[in-house]
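We will go from stop to stop, selecting as we go.

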Amino acid sequence: MKSIVLLISLLAVIPCAQAQQTDLIANTDGRKTISLDGEWRTIIDPYETGYYDYRYQPSADGYFKDAKPKTKSDLIEYDFDTSESLKVPGDWNTQQERLLFYEGTIWYKKAFDYQRKENTRLFVYFGAANYIADVYLNGEKLGRHEGGFTPFNFEITKLVRDTGNSLIVKVDNKRRRDAVPTLITDWWNYGGLTRQVKLVETPATFVQDYFIQLQKGSRERISGWVKLNGSKLDQKVTVRIPEARISKSFTTDANGSAQITFDAALTLWSPDNPKLYEVVIEAETDQVQDEIGFRTIETRGTEILLNGRPIFLRGVCIHEEAPFRGGRAYSREDALTLLTWAKELGVNFVRLAHYPHNEFMLREADRLGIMVWSEIPVYWTILWENSATLENAQNQLTEMIARDKNRAAIIIWSMANETPVGDARLSFLKKLVEHARSLDPGRLISAAMERHYIDDKTEMIDDPLGEYLDVLGCNEYVGWYDGLPEKADRLEWKTKYQKPLIMSEFGGSALYGNHGDALTRWTEEYQEEIYKHQLAALRKVPFLRGIAPWVLKDFRSPHRQLPGIQDGYNRKGLVSETGVRKKAFFVLQQFYRETAAQNTVGNK
Ligand code: GCU
């Protein structure tokens, strides 16, 4: 008897028929989906009682079993269905006062019915879950995902029932030294199912993924690929761009992949004319529709060329925090509000810091004609020599590129932010650069690096990482962490690289409505002064091809403790957390008006 019990418990721990975390399904918008958003039942589980037994061993009867007492004598010490609920999508920190600082595990349950039709498959898709998500359906483990800002999906075709499905997700946002990001960030560690959750229904063999963009350096040759998933992998697939009367057919190989190339005379996407085309990918068993823009982006010496013409990137940095209500932004409205504020500044570029933002941000940037720098959270001091940390960073890079590779707005993939110069760090980041280039040879690669003084009035950008980047990114805080605002006037910027520079951060803090003279910190006048001196100085940097001041909006940070001023907010925003413009907003707006008119800053 004892051995049978042991065997059963062992079998329970070893996930059977574990559904593999399938490759990401591209463009769920263009498919049949059922939203699972709304109220989810939750159990706050700081001791992970629902996962480990009292010996800290994974329990076979964890909360994922969603068990109910069968008899009056049965002992079950949890019940999702009488537990409180939280909204999905949404971080848990801003939904309940007591969860603001909560870092740990919360279990989520969603019950749903689903009548699966013949010859169809079903997947559950998560826009993101911060930080580690263990996902179960009807008591079976589907898999685990690590990384708080990229999507993932699991196939549930064989596990789904017609009625009474119990989808359970253990979300744990505990920070770890070996994680990405690591223990310390200057942003709030919002936990939960922070983006949409949906069921995605597909035919037995479906168009799982595709990459359709202009070939590097060509303004008329389209090149890319289409990938099928299923049993009937050798099919005819047709790529159609109806508005341009284009219809090109290809045949997939035994793995369901087809390389596609064809010439097309298309209107190119640009901030002045963010032209998107309806693109239809049609296979014999499936069809997907998308809105795609076509543009080229490259560098030539210190120039950045969009569609072959030099550009200057008038940018601003943005954290993925919702305007007005705070917490993680997740909706189209959130994206539109943030990007509209940025547009009012006069931007043609945004740096989405320091992690991949939700898909609405990228699709709205596509529509609004705003070029994008997208980044993975390799932030400050990561465990460079830890192979699991590298694999994790590479995986987040893979998922970021997989989701957004067809967005014309994205011109730059950024590998890291403010990471300390060193051999282990360089080899770590070189591997990420190579990985990004292997997945997407068409976009520019950058990173936000640091600089150093070679004398008291010369700043040098010679981080060895610069060798491997297409565009140099540099963060500097002259006038805030480094001297007073007027110091910027006396500085000269140098680099050992013949490459374009984006000043990826500069700025200073001010509490909206706090006024004083231009040398009084925390006042709008001090912040305004920083911008006046910075912008005047940056005009003189010959290889500067873009700026992205830190930051569009005040945002929550556990680092910022000054009572009456910061109160848990980083106050470097050009607008307050409620969207009210500070004086510096108008200094930058004026600068961008002038710059847009001239389309030059540096050398001309
Ligand atoms: C850093 C960092 C940001 C941070 C900012 C600041 O440069 O990249 O994440 O918020 O400085 O100190 O405000």
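The tour visits a ligand, then a strand, then a sheet. Keep in mind that this is a predicted model.

**Stop 1: the ligand**

Select the ligand and the residues around it.

Now colour the shell by class.

Next, look for the oxygen atoms of the ligand. Show the side chain of E418. An N or O atom in that side chain is 2.3 Å from an oxygen atom of the ligand. Then show Y379, where a polar side-chain atom lies 2.7 Å from a ligand oxygen. Move on to K572. A polar atom of the K572 side chain also lies 2.7 Å from an oxygen atom of the ligand.

How much of the ligand's accessible area does the protein cover? On its own, the ligand has 310 Å² of accessible area, and the protein covers 97% of this.

**Stop 2: strand β5**

Select residues 120–126. This is strand β5. Is the strand enclosed or open? Seven of its seven residues are buried, so β5 is largely enclosed by the rest of the structure.

Look at the two faces in turn. In a regular strand, side chains alternate between the two faces of the sheet. On one side of β5, select T120, L122, V124 and F126. On the other, select R121, F123 and Y125. Both faces are covered, and all of these residues are buried.

Select residues 197–203, which form strand β10. β5 and β10 pair in the antiparallel sense over seven bridges. Then select strand β8, residues 152–155. β8 and β5 run antiparallel too, joined by four bridges.

Which residues stand across from V124? In β10, L199 is opposite V124. In β8, the bridge partner of V124 is F154.

**Stop 3: an open sheet**

Last, select β11, β12 and β15. They form an open sheet of three strands, in the order β11-β12-β15, with antiparallel pairing. Where are the edges? The edge strands are β11 (206–214) and β15 (257–263), and each pairs on one side only. On average, neighbouring strands here are turned by 15° against each other, direction ignored.

Zoom in on β11 and β12, residues 221–229. Eight bridges link this antiparallel pair. To finish, select Y210 and find V226 in β12, which stands opposite.

Technical notes. Residues are numbered from 1 along each chain as its sequence is written. This is a predicted model: local features need pLDDT of at least 70, side-chain atom pairs count only at pLDDT 80 or more; totals for chains, interfaces and linings use all residues. Side-chain values use heavy atoms; hydrogens and water are left out. A polar contact is a pair of N or O atoms within 3.5 Å; within protein, one must be able to donate a hydrogen and the other to accept it, and residues adjacent in sequence count only if both atoms are side-chain atoms. Accessible areas come from the Shrake-Rupley method with a 1.4 Å probe; for residues, only the protein chains shown count as cover. Buried means under 20% relative accessible area, exposed over 50%, partly exposed in between (1.4 Å probe, protein chains only). Helices (H or I, at least four residues) and strands (E, at least two) are DSSP runs, numbered from the N terminus. Two strands pair if DSSP finds at least two bridges between them. Axes are lines fitted to C-alpha atoms, for helices over the stretch in contact, and angles run from 0 to 180 degrees between N-to-C directions.
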